[in-house]
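Dear colleague,

Please find below the structure that I am handing over to you. My findings follow directly after it.

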Amino acid sequence: AGIQFADAAGSVSNVTVLDITQHSGCVIGNGMRVNSVVGGTPRTVTITNTTLTGFQRSGLFANGPTTVHVSGSTIGPADALPAGVNAQNAVQIGTGNAGGTFTGNTVVGRGFGATGAASTAMLLATASNLTISNNTITGAGTDIGIAVTGGSTNITIDNNVIGRTAPGSPENSGFGVDVDAASTGGATLACISFS
């Protein structure tokens, strides 16, 4: 990881993290990782005016009982890997009920480029108490703009612009927002522009 908060609170502002990658299919290489120990002390991390790009797996990965507040930042695009090598998620929040606010950012996703898996601009997996508002989510071939999965709860997605600059290859699917059945009762979508 370029920056890691290992069961710690704090803030990052006006920082650029570039090229945390091995140019391979390993599922490692995060621009920033924020971890809190499940069952431990909840942590809060504030990220402002930060750029995370050229990563191998995720630009921002937050998990555990963590509250992240991200604003005015640019995350993505990921390192250009061969098609089908590694599903890349520009932002991944959840896994242990991470939440917070994600406001006024630009997220640039990539497509997986092969059948059987998808890459997302934002993956919310068992996220909780998270508001995503006033962001631009884009990228050439991005499979899914925002994926809400794993029984995520109290998710609000509003006033975002979600679009692709080019189709994926192969073009298996493309969703602006994809909410799984386990999360449908916990997700609210409003005033979103898709292209």
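Strand E16, which covers residues 144-149, is mostly covered in this predicted model: five of its six residues are buried. On one side, strand E13 (residues 120-125) runs parallel to E16 and is joined to it by five bridges. Within this pairing, Leu124 stands opposite Val148 of E16. E16 is also joined by four bridges to strand E19 (residues 175-179), again in parallel. Val148 has a bridge partner there as well, namely Val179 in E19.

These strands belong to an open sheet of seven strands, paired in parallel, with the order E1-E4-E7-E10-E13-E16-E19. Its edges are formed by strand E1 (3-6) and E19, each of which pairs on one side only. On average, neighbouring strands of this sheet are turned by 5° against each other, direction ignored. Elsewhere in the sheet, strand E4 (residues 30-35) and strand E7 (residues 58-63) run parallel and are joined by five bridges. In that pair, Met32 has Leu60 of E7 as its bridge partner.

In soluble globular proteins, nonpolar side chains tend to be buried together. Apart from its neighbours within four places in sequence, Leu124 is in contact with Ile93, Leu130, Ile132, Ile146, Ala147, Val148, Thr149, Ser152 and Ile155.

A polar residue also deserves mention. Asn89 lies in strand E10 (residues 89-94). Its relative accessibility is 4%, so Asn89 counts as buried, the cut-off being under 20%. The side chain of Asn89 makes a polar contact of 2.8 Å with the side chain of Thr120. With neighbours within four places in sequence left aside, the residues in contact with Asn89 are Phe55, Arg57, Ser58, Gly59, Ser119, Thr120, Ala121 and Leu123.

Thr67 may be set beside it. This residue is placed in strand E8 (residues 66-71). Thr67 has a relative accessible area of 29% and is therefore partly exposed. Not counting residues up to four places away in sequence, Thr67 touches Arg43, Thr44, Val45, Gly99 and Gly100. Between the C-alpha atoms of Thr67 and Ile47, which are 20 residues apart along the chain, the separation is 11 Å.

There is a further open sheet of seven strands, also with parallel pairing, in the order E3-E6-E9-E12-E15-E18-E21. Strand E3 (16-18) and strand E21 (193-194) stand at its edges with a single partner strand each, so one side of each has no neighbour in the sheet. Inside this sheet, strand E6 (residues 51-53) and strand E9 (residues 74-75) run parallel and are joined by two bridges. Leu52 stands opposite Ile75 in E9.

Finally, a word on confidence. The average pLDDT of the chain is 90, and 97% of the residues score at least 70. Among the elements of the chain, E9 has the highest mean pLDDT, at 98, whereas E21 has the lowest, at 76. Where pLDDT is low, the predicted coordinates should not be read in detail.

With kind regards

Notes
Residues numbered from 1 in each chain as written. Predicted model: local features only at pLDDT ≥ 70, side-chain atom pairs only at ≥ 80, totals over all residues. Heavy atoms only, no water. Pairing = 2+ DSSP bridges. Buried < 20%, exposed > 50% of the residue type's maximum accessible area, 1.4 Å probe, protein only. Polar contact = N/O pair within 3.5 Å; in protein donor to acceptor, adjacent residues only side chain to side chain. Contact = heavy atoms within 4.5 Å. Axes fitted to C-alpha atoms, helices over the stretch in contact; angles between N-to-C directions. pLDDT = per-residue confidence, 0-100.
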